[in-house]
Amino acid sequence: MSLEEAVLGSVPGETRRVLEGALEGRDLRVDDAVTLCSARGPSLHALVAVADHLRRTQVGELVGYVVNRNVNFTNVCAKACRFCAFSRTRRSEEGYFLPIEEIVRRALEAQAFGATEVCIQAGLAPGVDARFYVALVRELKKAAPAMHVHALSPEEVKFAATESGWSFRRVLEEMKDAGLGSLPGTSAVVLDDRVRARIAPGRITTAEWIDVVTTAHAVGLRTTSTIMYGHVETDIERMRHLDLLRSIQRQTGGFTEFVPLSFVHEEAPMTLRQQLPDLRTGPTGDDVIRLYAIARLMLGSTIRNVQVSWVKDGMRQAQWLLSCGANDFGGTLINESISTAAGSAHGQLQTPLALRRAIRDAGRVPFERSTRYDVVRTFGPDAGPDERHPLDGVEDPDATFGSYERLTRDERFKFRLPVAAP
Ligand code: SF4
């Protein structure tokens, strides 16, 4: 038996046709992508091989990461998304709120440890409005002008607009004037109102999400793009989501990357309350691999960067995803809170050293990048003696930067109304 027969012999004809089309540079239609959602065993191997080949031709061997810090400045939220284990009500004993001075202090501390980006996302707390977000970004840029501020999900933009009676465009323009660098394309979940009504009723709608994101792109702010998957969505809903992101990108060119986010089920309210009989416990390992590989085939020529999420999938699976179509390792995060609250056990920080080790062991070449994917620092294929980064020396992240768990018990930051006005 030849190697080709061994590898491709039991791949069904329809799957082969779709994979051959992708190799010839044909656009994957939604029904083609749905066909690939059935790839198992040899078909999955073939899908992964095609995704890896396309990744190599589209973006080469380099794998980037950004040194950043997450500041989830409040967990108090007016909404109650059924998948979210992070949010607390305003009366909860565990509700916290970091004043602007503390957020700035955390950004400066991260900068002293070599961070180039601060990522700010939080709950939708009473007392917060557009003026608060604008003042926050202005103060951050005043204190740390070189720091890239990556902040405000579409859900937060909608909240700011609603609380202040501003349009989405005005929120985004004022934020840009204050120094906002880019926005996370989170709160996308699955861009399908049937799915949204089931797992996040009352949340930003598909049309509103598209409106915020395309308006951000129109005013010159780039965003990431995401999917949160592995709960109640169907294959076709997933693939329509990818198709929608592709068409937005063709229109605006404003997405920096695509980041698949596995649903972390352990502490999610909809798991604990058994609200949905068909709820899955997140994607399986193969399901994660399939989604990454399909994303490379479907999006790679339009959204070039496909990013792993070590905080959702763990370092070991994240490393393997580099061979399944991904080309970016995300960030160091420093204070990841949202997945930690949901029960993820993959930690709140990865050092640049750990990221480089995983990248190199996958046979690739690491580089430190900015949020906009400019090169901050290059490295060779092998570890050298002068690579040490200030974060590499952090042995106990919780002791150095604090933990989410401690924050929810810290009397200094307990949520109280009125919140500290800017
Ligand atoms: S996902 Fe966001 S909007 Fe929904 S409950 Fe959690 S913090 Fe609030």
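Predicted model: local features only at pLDDT ≥ 70, side-chain atom pairs only at ≥ 80, totals over all residues.
Me: Which residues are around the ligand?

Reply: You'll find Cys77, Lys79, Ala80, Cys81, Cys84, Phe86, Ser87, Gly123, Leu124 and Glu155 there.

Me: Now the domains. How is the protein chain divided?

Reply: Into domain 1 (3-53) and domain 2 (63-410). Their C-alpha centres lie 30 Å apart. Where they touch, domain 1 supplies 14 residues and domain 2 supplies 17.

Me: Which elements give two or more residues to domain 1's side of that contact?

Reply: Helix 3 (30-36) and helix 4 (41-59) do, and helix 4 gives the most, with six residues. By class, that side of domain 1 has 13 nonpolar residues, one charged and no polar ones.

Me: How do I read a helix, say helix 6?

Reply: Try its span. At 1.5 Å a residue, the 14 residues of helix 6 (residues 130-143) should span 20 Å, and the end C-alpha atoms are 20 Å apart, so the two agree.

Me: And which residues of helix 6 are buried?

Reply: Ala130, Tyr133, Val134, Leu136, Val137 and Leu140. Looking down the axis of helix 6, you'd see these buried residues fall within an arc of 160°, so they line one face of the helix.

Me: What covers the buried residues of helix 6?

Reply: The cover includes helix 5 (100-112), strand 3 (117-120), strand 4 (148-151), helix 7 (154-164) and helix 8 (168-178).

How values were computed. Residues numbered from 1 in each chain as written. Near = placed C-beta within 6 Å. Domains from an automatic or database assignment. Contact = placed C-beta atoms within 7 Å. Helix = DSSP H or I, 4+ residues; strand = E, 2+ residues; numbered from the N terminus. Nonpolar A, V, L, I, M, F, W, Y, C, P; charged D, E, K, R; others polar. Expected span 1.5 Å × (residues − 1). Buried ≥ 20, exposed ≤ 12 C-beta atoms within 10 Å, placed from the backbone. Arc of directions from axis to C-beta.
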